[in-house]
Amino acid sequence: MTGFLQEWHNAEPFVVAHTSGSTGAPKSIRLLKSDMRASATATNRFFGIHSGSVLAIPLSADYIAGKMMAVRADVAGCRLIELPVSNDVDIKEHVDLLAVVPSQIKSLLLNPDAPQLVRNLLIGGAPLNDDLARQVTDAGFSAYLGYGMTETCSHVALRKIGNDDIFHAMPGISFSTDSRGCLIVESGNFSWKKLVTNDVVELVSTQSFRWLGRFDNVINSGGIKLHPEELEKEYRQRIPSLPPFYLIGETDAMLGERLVMVAENPDDRLLDNIREIISDHRKTPKRIISVTSLPQTANGKLRRILPAE
């Protein structure tokens with residue numbers, strides 16, 4: 001964090017950040033410090049962060065989540081606890097805001113004191129499956145899922161876990177969609193003004209939306225468009241015992257693309273079990289690729305790729 005703070009306090013009007021590489025090759029971009037301050041101010045106001053607050057971060061400052069927690073603490077003039085960058089998050093004292101990625105939540109669930117020690121839990125970096133979301137609310141956490149990207153200096157919308165599946169805009173942010181059904185983010189408070197994303201959404205209003213999945217991931221199988229993220233949610237709801245997995249398309253001579261499951265050490269009968277429970281053959285994988293662990297980016301995001309066999 002020291003290296004980032006030196007960059008944050010230097011005379012340059014920007015800092016260099018790196019995209020995660022979850023949807024393409026990682027790249028370096030320049031973020032205006034004025035945009036980062038505007039984002040931090042909005043988040044601090046939402047969560048009631050002030051000079052007497054305590055923030056905690058078990059994420060690398062190489063990526064936007066880590067950088068923005070440091071900026072929020074700097075803007076508020078409050079304390080920031082730097083935890084080891086690990087899936088094992090050990091909270092021993094009260095914090096007002098803890099930022100994590102989904103892979104770090106299980107360790108918090110194992111700590112019976114964590115829901116009382118963490119006033120608000122901010123989750124980002126990847127979608128949160130329904131089972132894990134249910135465990136978070138059942139444990140008593142006040143938890144929010146953020147929607148945003150490096151270019152927007154962290155989240156532009158938040159979803160309260162346990163309420164519904166709708167993301168609500170941060171102050172000064174508005175939404176629309178393009179011809180693909182992908183989200184457009186607009187704001188007069190930031191230098192970027194307008195960003196067209198590759199996230200397919202159901203627009204609820206100009207201030208809220210329901211996330212459906214990535215346009216990049218849509219599978220066109222025999223003329224039927226399949227959203228892997230939505231199917232994965234359905235699979236989990238109907239087959240809770242599934243191992244860690246994701247769905248992806250691969251080239252097929254007849255269908256154009258066919259649905260494939262990539263799963264960690266699947267049972268030999270898994271494919272048959274899925275076909276028994278998911279009756280619509282268009283929504284069932286044509287085969288399963290076994291891997292020892294799902295591929296991830298350097299900061300723990302899922303890398304949705306077709307593994308070599």
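Select F167 and F209: both are buried, where buried means under 20% relative accessible area with a 1.4 Å probe, protein chains only. This is a predicted model, in which local features need pLDDT of at least 70, side-chain atom pairs count only at pLDDT 80 or more, and totals for chains, interfaces and linings use all residues. Residues are numbered from 1 along each chain as its sequence is written, and side-chain values use heavy atoms, leaving out hydrogens and water.

Next, show the rings of Y147 and F209. They form an edge-to-face aromatic pair, 5.2 Å centre to centre with 80 degrees between the planes. Rings of Phe, Tyr and Trp (its six-membered ring) pair if their centres lie within 6.5 Å; planes under 30 degrees apart count as stacked, over 60 as edge-to-face and the rest as tilted. Y147 lies in strand β7 (residues 143-149) and F209 in strand β13 (residues 208-214), so the pair ties together parts 62 residues apart in sequence. Strands are DSSP runs of E, at least two residues, numbered from the N terminus.

Y147 is buried, as is F209. Turn to F167 and F209, which are stacked: 5.3 Å centre to centre, 15 degrees between the planes. F167 belongs to strand β9 (residues 166-169), 42 residues from F209.

Finally, select strands β16, β17 and β18. In that order the 3 strands form an open sheet with mixed pairing; two strands pair if DSSP finds at least two bridges between them. The edge strands are β16 (245-252) and β18 (287-291), each pairing on one side only.

Definitions and conventions: Helices (H or I, at least four residues) and strands (E, at least two) are DSSP runs, numbered from the N terminus. Buried means under 20% relative accessible area, exposed over 50%, partly exposed in between (1.4 Å probe, protein chains only).
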